[in-house]
Amino acid sequence: MLTAVELRSLLNAQPFVPFRFILSEGGAIEVKSRELVTVGRHWALVGVLDPEAKDTFADRWAIVWYMHVTRVESLTSGAPPLFPPPGPAGSLTPSAV
């Protein structure tokens with residue numbers, strides 16, 4: 001399960017790498033810009049872009065509950081952000097981005 005802290009790590013990565021949430025019901029939500037995401041404690045509000053538009057204004061929105069995020073995939077190549085995996089503390093490993 002994704003956490004708010006892990007989502008902030010993804011959003012604050014330098015450089016930002018666009019990513020996709022894969023959800024437990026089989027759907028997916030793409031995050032193409034950090035400015036389109038509001039991080040909540042248990043959910044994120046994600047602005048969804050119109051694929052036909054040339055601008056970066058949200059056309060729709062989706063609420064993503066962290067408990068339903070099964071994995072996160074990178075939309076472009078780039079180094080993944082690092083954050084501690086679940087389990088024993090002590091080592092950092094690349095995320096599932």
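Okay, let's start on the inside. The largest nonpolar core in this predicted model has 19 residues, and those with the most contacts inside it are Leu2, Leu7, Phe19, Phe21, Val31 and Val46.

What does phenylalanine 21 touch, once we skip residues up to four places away in sequence? Leu2 and Leu7, then Gly27, Ala28, Ile29 and Val31, then Val46 and Val64, and finally Val69, Arg71 and Val72.

Now valine 37, which sits in strand β3, residues 37–39. Is valine 37 buried or exposed? Its relative accessibility is 11%, and buried means under 20%, so valine 37 counts as buried. Leaving out neighbours within four places in sequence, valine 37 is in contact with Leu7, Leu11, Val31, Ala44, Leu45 and Val46. If you want a distance to check on screen, the C-alpha atoms of valine 37 and isoleucine 63 are 9.8 Å apart, with 26 residues of separation along the chain.

Okay, on to the hairpin. β1 and β2 pair in the antiparallel sense, over 4 bridges. There are 4 residues between the two strands, and glycine 26 in the turn has a positive phi of about 100 degrees. For context, most residues other than glycine have a negative phi, and most peptide bonds are trans.

Speaking of which, have a look at the peptide bond from glutamine 14 to proline 15. That bond is cis, with omega near -5 degrees. Where is proline 15? In the loop between α1 and β1.

Ile29 and Val31 are on the covered face, while Ala28 and Glu30 are on the uncovered one.

Glu30 brings us to the charges. Opposite glutamate 30, over in β1, stands arginine 20. Their C-alpha atoms are 4.2 Å apart, although the two residues are 10 apart along the chain. Beyond its neighbours within four places in sequence, arginine 20 contacts Ala28, Ile29, Glu30, Arg71, Val72, Glu73 and Leu75.

How many salt bridges are there in the model? The count comes to 4. In general, side chains of opposite charge can pair when their charged atoms come close. One of the bridges joins arginine 20 and glutamate 73, at 2.9 Å from N to O. This pair ties together distant parts of the chain, with arginine 20 in strand β1 and glutamate 73 in strand β6, 53 residues apart. Both partners are partly exposed: arginine 20 has a relative accessible area of 22%, and glutamate 73 has 23%.

Glutamate 73 also meets arginine 71, at 2.8 Å from N to O. Arginine 71 is partly exposed as well, at 41% relative accessibility. Then there's lysine 32 with glutamate 30, where the closest N and O atoms are 3.5 Å apart. Lysine 32 comes out at 47% relative accessible area, so it's partly exposed, and glutamate 30 is also in that class, at 33%. Put together, Arg20, Glu30, Lys32, Arg71 and Glu73 are linked in a network of salt bridges.

Last stop, the surface. Which residues form the nonpolar patch there? Met1, Trp43, Leu45, Trp61, Ile63, Trp65 and Met67, and together they have about 820 Å² of accessible area. β4 (43–49) and β5 (58–65) each supply at least two of the patch residues. β5 gives the most, with 3 residues.

Met67, for its part, is in the loop between β5 and β6 (69–74). Exposed means over 50% relative accessible area. Methionine 67 has 57%, so it counts as exposed.

So, to recap: a nonpolar core of 19 residues, a salt-bridge network that takes in Arg20 and Glu73, and a nonpolar patch on the surface that includes three tryptophans, Trp43, Trp61 and Trp65.

Definitions and conventions:
Residues are numbered from 1 along each chain as its sequence is written. This is a predicted model: local features need pLDDT of at least 70, side-chain atom pairs count only at pLDDT 80 or more; totals for chains, interfaces and linings use all residues. Side-chain values use heavy atoms; hydrogens and water are left out. Patches are made of residues with over 30% relative accessible area and no salt bridge: like charges are joined within 9 Å, nonpolar side chains (Val, Leu, Ile, Met, Phe, Trp, Tyr) within 5 Å. Accessible areas come from the Shrake-Rupley method with a 1.4 Å probe; for residues, only the protein chains shown count as cover. A salt bridge is a side-chain nitrogen of Lys or Arg within 4 Å of a carboxyl oxygen of Asp or Glu. Buried means under 20% relative accessible area, exposed over 50%, partly exposed in between (1.4 Å probe, protein chains only). Contact means heavy atoms within 4.5 Å. A nonpolar core is a set of buried Ala, Val, Leu, Ile, Met, Phe, Trp, Tyr and Cys residues joined through side-chain atoms within 4.5 Å. Two strands pair if DSSP finds at least two bridges between them.
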